[in-house]
Amino acid sequence: LPGPIVFHHGGTAIADHLSLYTALPNVAGFLLGERDSFSAARAIVGADTILMGNISGPHFDAYGPERLRQKLDALIEDRRGDKRWIFCNSSAELPSWTPIEQLSIVREAFQGQGA
């Protein structure tokens, strides 16, 4: 493909297998699953590759507000110095019935970090 490629894992852990794909042409980044370690992935792909993720979309509505806040705070803290990280849901999309309060928690978590 002539444009940048982002590998999306489809729900399974991918971080342990990134070395199989890093040398391919036009690979801009990888979307990690909730069970993947950003630190381990970063060690494999280097500082210039984009890493995205990683709260599971299909399970997003199942987290209680406090658990979701904890997960977001831990994720933001873990990636604080990583300039090539983009937050997004991993696996598939969020269920359509996800309460707006859950989405507001995400916004508040990032606004609280000055993002």
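Two residues are in contact, or touch, when heavy atoms of each lie within 4.5 Å. By that criterion R79 touches F38, S39 and W85, residues up to four places away in sequence not being counted. The structure is a predicted model, in which local features need pLDDT of at least 70 and side-chain atom pairs count only at pLDDT 80 or more, while totals for chains, interfaces and linings use all residues. Residues are numbered from 1 along each chain as its sequence is written, and side-chain values use heavy atoms, with hydrogens and water left out.

**Architecture and overall dimensions**

- The protein chain contains three helices and four strands, where helices (H or I, at least four residues) and strands (E, at least two) are DSSP runs numbered from the N terminus.
- Read from the N terminus, the order of these elements is β-β-α-β-α-β-α.
- The radius of gyration, taken over C-alpha atoms, is 14 Å, which agrees with the value near 13 Å that a compact globule of 115 residues would have; the globule rule is 2.2 Å times the number of residues to the power 0.38.
- Along the principal axes, the C-alpha atoms fill a box of roughly 40 × 30 × 25 Å.
- Of the contacts with a separation of 6 or more, 56% are between residues 24 or more positions apart.

**Surface, burial and charge**

- Buried residues account for 40% of the 115 residues; buried means under 20% relative accessible area, exposed over 50%, and partly exposed in between (1.4 Å probe, protein chains only).
- The chain exposes about 6,600 Å², of which carbon and sulfur atoms supply 56%; accessible areas come from the Shrake-Rupley method with a 1.4 Å probe, and for residues only the protein chains shown count as cover.
- There are 10 positive and 13 negative side chains, and the centres of the two sets lie 4 Å apart.
- In that count Lys and Arg are positive and Asp and Glu negative, with His and the chain ends not counted; each charge is placed at NZ of Lys, CZ of Arg, CG of Asp or CD of Glu.

- Helix α1 comprises residues 38-45, and F38, A41, R42 and V45 are buried within it.
- Seen down the axis of α1, these buried residues fall within an arc of 100 degrees, so they line one face of the helix; the arc is that of the directions from the helix axis to the C-beta atoms.
- The cover over the buried residues of α1 includes β2, β3, α2 (65-78) and β4.
- R79 lies in the loop between α2 and β4, and its relative accessibility of 7% places R79 in the buried class.
- One of the residues that R79 touches is F38, which is itself among the buried residues of α1.

**Backbone geometry**

- G53 and N54 are joined by a cis peptide bond with omega of about 10 degrees, and N54 belongs to strand β3 (residues 50-56).
- N26, although not a glycine, has a positive phi of about 70 degrees; N26 is in the loop between β1 (5-8) and β2 (27-31) and is partly exposed at 38% relative accessibility.
- S91, also not a glycine, has a positive phi of about 60 degrees; S91 sits in the loop between β4 (85-90) and α3 (100-111) and counts as buried at 16% relative accessibility.

**Loop positions and C-alpha separations**

- S91 and G29 are 62 residues apart in sequence, and their C-alpha atoms are 15 Å apart in space.
- G46 occupies the loop between α1 and β3 and is partly exposed at 26% relative accessibility.
- A13 is in the loop between β1 and β2, counts as partly exposed at 38% relative accessibility, and touches R35 and D36, residues up to four places away in sequence not being counted.
- The C-alpha atoms of A13 and R107 are separated by 26 Å, the two residues being 94 apart along the chain.
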